[in-house]
Amino acid sequence: MDIEHVRSRFIKHFDGTTGFIYASPGRINLIGEHTDYNGGHVFPCALSIGTYALARKNDCGKMRFYSLNFTRFGMLAVEGPANEFTNVPADNWCNYPKGVMWAYTQKGYTIDSGLDILYYGNIPNGSGLSSSASLEVLTGLMLKDTFGFEDLSMIDLALIGQYSENNFNGCNCGIMD
């Protein structure tokens, strides 16, 4: 699927012009899994497959999410401040970007408008190639850029993703993921 197709789907689902394009790679650990949070050595490598998003602020005050990978869920709209987001099992994949937004607020950042976000990824889910981490880092970068959180480094974004996955999604992953 090329970016022009993704862009046209964004326009279709969100009625209007597109936003900015973001990308985040998947990763593989060349010396084994589940070692970073157990104190072991890691040797990660970025892949040429990953997660992509188009995003823009909206005036409706809602976070509106759509995934080309999970079209059966349709568009998910979440209202209310991000610091009040909760993990809702029915929201499925959307709990990962919601968790990153929640984590930003837990770290003292303010998300002061709604967003329209269309996601697409070509990392096979459940393959051990960090599809959730790719989605979280992508969302973190998009929030940093969209809301002007210039003081955050890429290391900070990784730590926010880990905090989100540990505390919002309940997965005891390490920083590599």
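This report covers the salt bridges and one surface patch of a predicted model.

## Basis

The model is predicted, so local features need pLDDT of at least 70, side-chain atom pairs count only at pLDDT 80 or more, and totals for chains, interfaces and linings use all residues. Residues are numbered from 1 along each chain as its sequence is written, and side-chain values use heavy atoms, without hydrogens and water.

## Salt bridges

Side chains of opposite charge can pair when their charged atoms come close. The model has five salt bridges (a side-chain nitrogen of Lys or Arg within 4 Å of a carboxyl oxygen of Asp or Glu).

Glutamate 4 pairs with arginine 7, N to O at 3.4 Å. Both sit in helix 1, residues 3-14, three residues apart (helices are DSSP runs of H or I, at least four residues; strands are runs of E, at least two). Glutamate 4 is partly exposed at 47% relative accessibility. Arginine 7 is partly exposed too, at 23% (buried is under 20% relative accessible area, exposed over 50%, partly exposed in between, with a 1.4 Å probe and protein chains only).

Arginine 56 and aspartate 116 form a salt bridge, with closest N and O atoms 3.1 Å apart. The pair links strand 2 to strand 5 (residues 114-121), 60 residues apart. Arg56, Arg64 and Asp116 are linked in a salt-bridge network.

## Surface patch

Ile28, Leu30, Ile31 and Phe43 make a nonpolar surface patch of about 370 Å². Patch residues have over 30% relative accessible area and no salt bridge; nonpolar side chains (Val, Leu, Ile, Met, Phe, Trp, Tyr) are joined within 5 Å, like charges within 9 Å. Areas come from the Shrake-Rupley method with a 1.4 Å probe; for residues, only the protein chains shown count as cover. Leucine 30 lies in the loop between strand 1 (20-29) and strand 2 (44-58).
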